[in-house]
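Please look over the chain shown here before reading the notes that accompany it. They are arranged by topic, so that each can be checked against the coordinates in turn.

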Amino acid sequence: MIKSVKGTSDIASPEVLVWQHVEKTMATTAKAYGYEEIRTPTIEMEELFSTSVGQGTDIVEKEMYAFPDKKGRHLVLRPEGTAATCRAYLEHQMNLQPSPAKFYYMGSFFRYEQPQGGRKREFHSFGVEALGEQSPLQDAEVIDMVMTMLSRLGLSHLSVDVNSIGDDNCRPAYKDALRASLATHEGQLCEDCRRRMSDNPLRILDCKREDPALLESLPKSADYLCTDCEDHFHRLLSTLEALKIPYHLNHRLVRGLDYYTRTVFEVISEDLGAQNALLGGGRYDYLIRHLGGPATPAVGWGLGLERLVSVLTARYPELLGSLAISRAYIVHSDTTTAAAFQLRHALADTGWALDVDVRQDGFGKQLARASKRGARIALILGEDEIAAGTCTMMPCGYERFAAFLKQGTLCSHLLRQVQKLRQGTTLWGGIVMSERERGSYAD
Ligand SMILES: [Zn+2]
Ligand SMILES: [Zn+2]
């Protein structure tokens, strides 16, 4: 039997309902903040990421899912969303449109590494990017937006870890101070960090293999900010305070990528225990220039959907049940099949899942299948119903069917009366059900 590719997953019902719920809630919120969806290709030129994401990072050095195509071009399955969004922004000259350009995206991303601990080769992210605005209020907006998304999804005790890593103006002096301080501890550092000392010493601050006490003792980037960076940082923090968004200064929070500037942040849910960031983001004022475009300030974040879905499912075991769609089963006879299809057509915007039985056998067998399929109600269309211009609605459930059948009465003759549940199904003049059934089964 052919199996799925290593490190990939199939997502099916009922879990897919949580995915749909998360994606819909996040997309609706992003739109409410004035962000529009952007869909970029799954494959890109390798150099898009090697020039932007930066050499010396794990993404480029170890994890890119890269391959030559039949003409020998170097392609990759996209490892992240920001560089591709910026490529599209430049390629279509969106920088000439009014600023800021505000995008959200969701989809599959890829890395080529040994799948372990929930890290897959194909994974899914939701992200936002605001391009063309340098105000710290833009940073506050993207943070406020994700706090709204997560609280709408039911997560609480949210807070933001935030830091500023400066810019080209002030970061060189900070890197020098960091190197000078690290020089006396070089022997204690892991192999990767010894290599990072010269070109990327900030990465050492978030290395999981280093002694936390040593990292805590190192110089802090926030103490080396130039006037502009300091002003930006303070205005961001005062806006978060005004918005009542709880934050912690985290001096060890850095981004390993060269194009990040000033603000870096992570959102933490204390419900998940310490050190559990749900997402990370920050400002990347130099990325678009690196890609050959004009200097364009930008800020955004990206969130792994696998983790968010598993957190929500664990926290809300009842979520799956509440998201399940109501199912109705249309039972019919040989002569009423077309009417059954037409009834489904007429009810297609009700939000119900509507099965028309396609085996065309007796009502009893159809009703038993309706029960097995988990239908809440059966809509019965026999010749009597057609003649009366109506349709019989009855509750599903094996015991209830059995009781009806035992009475030796044709189901289509039962429960056909009274109260109109639904006006305007022009074909039948309304679906009818008894007072009693309506009482126990109406939404
Ligand atoms: Zn290290
Ligand atoms: Zn600065």
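What follows is a briefing on the fold as a whole, on several of its helices and on some individual backbone positions.

This is a predicted model, and the protein chain in it has 17 helices and 17 strands. Of the 443 residues in the protein chain, 34% are buried. Among the contacts that join residues at least 6 apart in sequence, 69% are between residues at least 24 apart.

**Helix α1 against helix α5**

- Helix α1, which covers residues 15-32, and helix α5, which covers residues 136-152, have axes that come within 9 Å and cross at roughly 145°, and the crossing is right-handed.
- On the α1 side the contact is made by Thr-25, Met-26, Thr-29 and Ala-30, which meet Met-145, Thr-148, Met-149 and Arg-152 of α5; by type, the residues of this contact divide into four nonpolar, three polar and one charged.

**Helix α9 and its two faces**

- Helix α9 is made of the 16 residues 227-242 and reaches 22 Å from its first C-alpha to its last, which is close to the 22 Å expected at 1.5 Å a residue.
- Which residues of α9 are buried? They are Cys-229, His-232, Phe-233, Leu-236 and Leu-240, and because they cover an arc of only 95° around the axis, they are on the same side of α9.
- In general, an α-helix has 3.6 residues a turn, so residues three or four places apart point the same way.
- The buried residues of α9 pack against helix α5 and against the strands β7 (158-164), β8 (247-249) and β9 (261-269), whereas the face turned away from the buried side carries the exposed residues Thr-227, Asp-231, Ser-238, Glu-241 and Ala-242.
- Just after α9, Lys-244 takes a positive phi of about 60°.

- The buried residues of α6 are Arg-171, Tyr-174, Leu-178 and Leu-182, and seen down the axis they fall within an arc of 70°, so they line one face of the helix.
- Helix α7 (191-199) is included in what covers these buried residues of α6, while Pro-172, Ala-180 and Ala-183 are exposed on the other side of the helix.

**Cis peptide bonds and positive phi values**

- As background to the positions below, most residues other than glycine have a negative phi, and most peptide bonds are trans.
- A cis peptide bond, with omega of about 5°, joins Ser-13 and Pro-14, and Pro-14 has its place in the segment before α1.
- Another cis peptide bond joins Ser-99 and Pro-100, with omega of about -10°, and Pro-100 is found in the loop between α4 (82-91) and β5 (101-110).
- Gln-93 lies in the loop between α4 and β5 and has a positive phi of about 50° although it is not a glycine; Gln-93 counts as exposed because it has 9 other C-beta atoms within 10 Å.
- His-157, found in the loop between α5 and β7, has a phi near 50°, which is a positive value in a residue other than glycine; with 10 other C-beta atoms within 10 Å, His-157 is exposed.

**Two positions with partners elsewhere along the chain**

- Where does Tyr-112 have its place? Tyr-112 is in the loop between β5 and β6 (122-131), and it counts as partly exposed because it has 15 C-beta neighbours inside 10 Å.
- Leaving aside its neighbours within four places in sequence, Tyr-112 is in contact with Glu-63, Met-64, Tyr-65 and Arg-121; the C-alpha atoms of Tyr-112 and Tyr-65 are separated by 4.8 Å, although these residues are 47 residues apart along the chain.
- Leu-343, in helix α13 (residues 337-346), is buried, with 24 other C-beta atoms within 10 Å, and its C-alpha atom is separated by 9.5 Å from that of Val-356, which is 13 residues apart from Leu-343 along the chain.

Note on methods: Residues numbered from 1 in each chain as written. Chains lettered and ligands numbered in written order. Predicted model: local features only at pLDDT ≥ 70, side-chain atom pairs only at ≥ 80, totals over all residues. Axes fitted to C-alpha atoms, helices over the stretch in contact; angles between N-to-C directions. Helix = DSSP H or I, 4+ residues; strand = E, 2+ residues; numbered from the N terminus. Left-handed = near helix turned anticlockwise from the far one by under 90°. Contact = placed C-beta atoms within 7 Å. Nonpolar A, V, L, I, M, F, W, Y, C, P; charged D, E, K, R; others polar. Expected span 1.5 Å × (residues − 1). Buried ≥ 20, exposed ≤ 12 C-beta atoms within 10 Å, placed from the backbone. Arc of directions from axis to C-beta.
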